[in-house]
Amino acid sequence: MSVAKDILTLGIESSCDETAAAVLRGGRELLSNVISTQIPLHRKYGGVVPEIASRRHIVNVMPVIDEALRNAEVALPDIDQIAVTYGPGLVGALLVGVSAAKALAFARNVPLIGVNHLEGHIFANFLSHTELKPPFMALVVSGGHTALIHVIGYNHFALMGQTRDDAAGEAFDKIARVMGLPYPGGPEIDKLAAAGDEDAVDFPRALREKGNYEFSFSGLKSAVLNYLNEMKMKNTEANRADVAASFQKAVIEVLVQKSLEALSETNLDTLVLAGGVAANSALERRLREASAEHGIHFYYPDKILCTDNAAMIACRGYYQSRAGLFSDLRLNAVPGLSLQNVEA
Ligand code: KG4
Ligand code: ZN
């Protein structure tokens, strides 16, 4: 066994409303994965309240790290390196994880690795599929981002396109909110849509011209809001399941079409789904069907690794460390961090 295989990486994640820590052996063997979610805390406000999130991260971060070490049956002195999300995300939330990671790395005199949260989402797939290797096309769909990323190598990416406005998850959450569904709305719409007719309402699909890998969901969001308002003005009860299913179909159709086009343009035969919206059952099914039809190998992470977690951060950190991509103790939170190691 090579030395690298035995490396223990502690991952820390606090970019939004999950405080998480994980211990990874080598690049792909997950020893523990602790996620403390704040969802119930933010639910009564209909979304994440940044200040409350930061404060709760402060309370949770050390107990969560302790639990991750305990579950992995290791102690802090066993940890070889510490990987932490430093962006994108909420600045106050990110700072908690970054500060904890810096303090621990300094105290233990071990390397620190700043990780891009989006890249982390992609790397969740390496944990669920140990045989997966670059190159591949990654469709990243989360609450904050929607992007098609050509993963050329473990530390080499090319951005095909991203959203101009709302992220896919954000659109799910906003539509759910106006329909009176609790936060986060994605899983609620997913459930409601299962009982609806996805062809009931013909909502618009934006930027469909070939070769355009940008996304836009704000027009779709307005169309759904207008539809619901029109129904209300006519004193007609909208069929909520039909609206949810039709909205979901409009999102999925664009995601599938652009993924297939990006694969074909780059001559790739592997598609990897990542981010919180990867947990959507209809999206996973459609991509699986479309991939089978076009001879594409399709991967998506285990459900627990789709939404925010620190296992994916530890994994991304491990591959950065193999390439010598470390941070120093000046590492700071970068809320608007864009994809790193991209092709010019
Ligand atoms: O990746 P993630 O945990 O956080 C960000 O990095 O943004 O993604 C959270 C997003 C939320 O918008 C949530 O509504 C959405 O993922 N989501 C889903 C489902 N599960 C989570 N969207 C659609 N269907 C789901 N089953
Ligand atoms: Zn995320």
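Which residue stands opposite Ala-20 in β2? That's Glu-13.

A quick word on the model: it is predicted, local features need pLDDT of at least 70, side-chain atom pairs count only at pLDDT 80 or more, and totals for chains, interfaces and linings use all residues. Residues are numbered from 1 along each chain as its sequence is written, and side-chain values use heavy atoms, with hydrogens and water left out.

**The sheet.** Strands (DSSP E runs of at least two residues) and helices (H or I runs of at least four) are numbered from the N terminus. Five strands form an open sheet in the order β3-β2-β1-β4-β5, with mixed pairing; strands pair if DSSP finds at least two bridges between them. At the edges sit β3 (29-37) and β5 (112-116), each pairing on one side only. Between β1 (residues 8-13) and β2 (residues 18-25), the pairing is antiparallel, over six bridges.

His-121 belongs to helix α5 (residues 117-128), while Asp-308 lies in the loop between α11 (303-306) and α12 (311-322), 187 residues apart.

| Residue | Relative accessible area |
|---|---|
| His-121 | 1% |
| Asp-308 | 13% |

His-121 is buried, and Asp-308 counts as buried too: the label means under 20% relative accessible area, with exposed over 50% and partly exposed in between (1.4 Å probe, protein chains only).

Note on methods
Chains lettered and ligands numbered in written order.
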